[in-house]
Amino acid sequence: MLVLTWADYSFVQPASAFSYAVVALLSYFLLGEVVPLCAGPASQFICVGVFVVGRTPPRTTEKA
């Protein structure tokens, strides 16, 4: 919520969604945790969604 004071929601939401994939990868490589098999395709799906949303032009209103 704090980040929303600094940036638009169109930037914050994809960045926060991307954290799900990053957490799964870091937990596997750094902590040696067992990541379920379904987490791979789910993380890829999230990353594709982040890419699609990130490629759309931002629509912001100018401050009055």
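Here is a quick briefing on this chain, from its overall make-up down to a few individual residues.

This is a predicted model, where local features need pLDDT of at least 70, side-chain atom pairs count only at pLDDT 80 or more, and totals for chains, interfaces and linings use all residues. Residues are numbered from 1 along each chain as its sequence is written, and side-chain values use heavy atoms, with hydrogens and water left out. The chain has two helices and zero strands; helices (H or I, at least four residues) and strands (E, at least two) are DSSP runs, numbered from the N terminus.

**Overall surface**

- Of the 64 residues in the chain, 14% are buried. Here, buried means under 20% relative accessible area, exposed means over 50%, and partly exposed is in between (1.4 Å probe, protein chains only).
- Accessible areas come from the Shrake-Rupley method with a 1.4 Å probe; for residues, only the protein chains shown count as cover.

**The nonpolar patch**

- Phe18, Val22, Leu25, Leu26, Tyr28, Phe29, Leu30 and Leu31 make a nonpolar surface patch of about 860 Å². Patches take residues with over 30% relative accessible area and no salt bridge, joining like charges within 9 Å and nonpolar side chains (Val, Leu, Ile, Met, Phe, Trp, Tyr) within 5 Å. A salt bridge is a side-chain nitrogen of Lys or Arg within 4 Å of a carboxyl oxygen of Asp or Glu.
- Leu31, one of the patch residues, sits in the loop between helix H1 (9–29) and helix H2 (39–55). Leu31 counts as exposed because its relative accessible area is 62%.

**The aromatic pair**

- Searching the whole structure turns up one aromatic pair. That pair is Tyr28 with Phe29, edge-to-face, at 5.0 Å centre to centre and 80° between the planes.
- Rings of Phe, Tyr and Trp (its six-membered ring) pair if their centres lie within 6.5 Å; planes under 30 degrees apart count as stacked, over 60 as edge-to-face and the rest as tilted.
- Tyr28 is partly exposed, because its relative accessibility is 47%, while Phe29 is exposed at 62%.

**Ala21 and where the helices meet up**

- Ala21 lies in helix H1 and is buried, because its relative accessible area is 5%.
- Leaving out residues up to four places away in sequence, Ala21 touches Ser43 and Cys47, where contact means heavy atoms within 4.5 Å.
- Ala21 and Ser43 are 22 residues apart along the chain, yet their C-alpha atoms are separated by 4.9 Å.
- Gly40 belongs to helix H2 and is partly exposed at 35% relative accessible area. Gly40 and Ala21 are 19 residues apart in sequence and 8.6 Å apart in space, C-alpha to C-alpha.

**Two serines in helix H1**

- Ser19 is in helix H1 and is partly exposed, with a relative accessible area of 32%. Ser19 and Ser43 are 24 residues apart in sequence, with 9.7 Å between them in space, C-alpha to C-alpha.
- Ser27 is also found in helix H1, and counts as buried because its relative accessibility is 12%.
- A polar atom of the Ser27 side chain lies 2.9 Å from the backbone oxygen of Ala24.
- Not counting residues up to four places away in sequence, Ser27 touches Gly32, Glu33 and Val35.

How values were computed:
Polar contact = N/O pair within 3.5 Å; in protein donor to acceptor, adjacent residues only side chain to side chain.
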